[in-house]
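Trainee: I've got a new model open and I'd like to learn how to read it. Can we go through it feature by feature?

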Amino acid sequence: MTPTPLHRNTLFYGDNLPILRDHIPDESVDLIYLDPPFNSNRSYNVLFKSESGNDPDSQIQAFDDTWHWGESAEAMYDELTHGQNQDVAGMISALRQFIHENQMMAYLVMMAARLIELHRVLKPTGSLYLHCDPTASHYLKVVLDTIFGVENFRNEIVWCYTRPSSPVKQFPRTHDDLFFYTKTDRHTFNRDDVRIPYDEETIARSNRNPGNKSVMGGKGTDRLNPLGKIPESWWPIPMLQGNSNERLGYPTQKPLALLERIIQASSNPGDIVLDPFSGCGTSIAAAQKLGRRWIGIDITHLAIEAHKRRLREHYTIEPGKDYDVIGEPEDLTSARQLARDDRYQFQWWALSLIKARPLGGSEGSKVGKKGSDKGIDGLIPFIDDASKKLKHVIVSVKSGHVNSPMLRDLHGVIDREVDAPIGVFITLEEPTSDMKKEAVSAGFYKSDLWQKQYPRLQILTIEQLLAGEEVKMPPQYGTFKKAEKVRFEDGTQSELGL
Ligand SMILES: C[S@@+](CC[C@H](N)C(=O)[O-])C[C@H]1O[C@@H](n2cnc3c(N)ncnc32)[C@H](O)[C@@H]1O
């Protein structure tokens, strides 16, 4: 299939495998970073347990199915073992012989199919960094060696950090692995762009032996590179702390510093960076900051919304205007389809239309636990008095049949909650006339600071939202500090030209 041309920085909602196949041309990307989900907190044994397919939580999570041994894993296995790449066929069937049919094997099959595509889209000068942890790293290296070639393995980078952990019979697991592979040996590597200060011991040693001349002829500390040293293959970069400004509340969010180092080392300004599991967009934010072009893909609307928020609030760039978003519903028919396919995805998408923050978890892996929220699905924060206390608009989203008792529940919540004076009811179906009357009966909320009145109970249909209608409320409060808008050195920056 001929890929659909991409014209500028793009965010895709959907499964990365068909997106890579349909949209990303051969040898078009300079750098790939991928951080696929893997629940290593589960008991290690569970990953290897033979699967009955009856795991009660297997349907809850948006992407979890992908990592269970079932029909799609079996079909993918068949595709890989009958594909053109004989090495991959041999490797994957050998793995199945001793791993058998379980979550680990499903994961490896799914990853192998994606890594083949990622290898295809990488330019001959390109690099790939696969972020994983010791749960599966040993198997993934075998898969990478087969697809990229052992000769193109560059580093196993250990990202080490500290976190509270006191296991009884083992050492704390406090590192992740990043496998760095290139397509050929003609890859970009900007070692001077990532140098870091020498440690004190190196400086002291150099001073103790002033007579030892360097190749460059310097003595003592002069022998050391004034730009610093190239980082070792272990990177002590702190994990994001709870109070970090960077933190978006996405549980698997990685630190910007980690991604900045990768992008600076293995790409140049204007190059294209692809993240097929982009989460809340850390690699995308780093690429934007460093003047690289980018493509992000994620299978949950929550993640896509996190990207949009981050890009809006840190770089003042907007979807549609400054970059494209592909795969989200654009009309009522596709919105209905999304609601039928997955009501949680529908809910997150609907919340994103009014820039509301979802309740009940902030990532696909967590939101399945939703349901304890008594019909409250999202919040929009605002401040409207001198005390600067945060208030909220409470949002309820319905993708199916709606009736007055549902709206009455929301009315009850805003009557009860002092700091949540406005309620918004989003519905795919048309509201009944009784519901409209109930909304009118709630009256108005008066904001002293903005000197304006807003209806306390508002009903918005998806059709109205798609037509551009907005919630009537005081200006929304942003949680992030605004970064300076990134200026691009050349005019081609925002064009992908694929
Ligand atoms: C570990 S998180 C990535 C976190 C990211 N590095 C960050 O810093 O925000 C993995 C992401 O992969 C997404 N995902 C899982 N399966 C996917 C698939 N088949 N296609 C695209 N995205 C997928 C999940 O929704 C999740 O957001």
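This is a predicted model: local features need pLDDT of at least 70, side-chain atom pairs count only at pLDDT 80 or more; totals for chains, interfaces and linings use all residues.

Trainee: Why does L224 count as partly exposed?

Mentor: You count neighbours: 20 or more other C-beta atoms within 10 Å makes a residue buried, and 12 or fewer makes it exposed. L224 has 18 C-beta neighbours inside 10 Å, so it counts as partly exposed.

Trainee: Now a helix. Which residues of α3 are buried?

Mentor: In α3, residues 71-81, the buried ones are A73, Y77 and L80. They lie on the same side of α3 because they cover an arc of only 65° around the axis. The face turned away from that buried side carries the exposed residues E71, A75 and D78. Among the elements covering the buried residues are α4 (86-99) and α5 (103-121).

Trainee: On to the sheet. In what order do the strands come?

Mentor: The general idea is that strands of a sheet pair through backbone hydrogen bonds, either parallel or antiparallel. Here nine strands make an open sheet with mixed pairing, ordered β6-β4-β5-β3-β2-β7-β8-β1-β9. At the edges are β6 and β9 (324-326), each pairing on one side only. From one strand to the next, the twist averages 15°.

Trainee: How many bridges join β3 to β5?

Mentor: Six, and the two strands, β3 (residues 122-132) and β5 (residues 175-182), run antiparallel. Y129 stands opposite F180 in β5. Helix α6 (residues 137-148) lies across β3, β4 (153-160) and β5, running at about 5° to β5.

Trainee: Last one, helix packing. At what angle do α9 and α10 pack?

Mentor: Two packed helices are described by the angle between their axes and the distance between the axes. For α9 (residues 282-289) and α10 (residues 301-315), the angle is about 30° and the axes are 10 Å apart. Angles under 35 degrees count as roughly parallel, and α9 and α10 are therefore roughly parallel to each other. Their crossing is right-handed. The contact is made by I284, A285 and Q288 of α9 with H307, R310, L311, H314 and Y315 of α10.

Conventions:
Residues are numbered from 1 along each chain as its sequence is written. Helices (H or I, at least four residues) and strands (E, at least two) are DSSP runs, numbered from the N terminus. The arc is that of the directions from the helix axis to the C-beta atoms. Two residues are in contact if their C-beta atoms, placed from the backbone, lie within 7 Å. Two strands pair if DSSP finds at least two bridges between them. Axes are lines fitted to C-alpha atoms, for helices over the stretch in contact, and angles run from 0 to 180 degrees between N-to-C directions. Angles under 35 degrees count as roughly parallel, over 145 as roughly antiparallel, 65 to 115 as roughly perpendicular and the rest as oblique. A crossing is left-handed if the near helix is turned anticlockwise from the far one by less than a right angle, and right-handed if clockwise.
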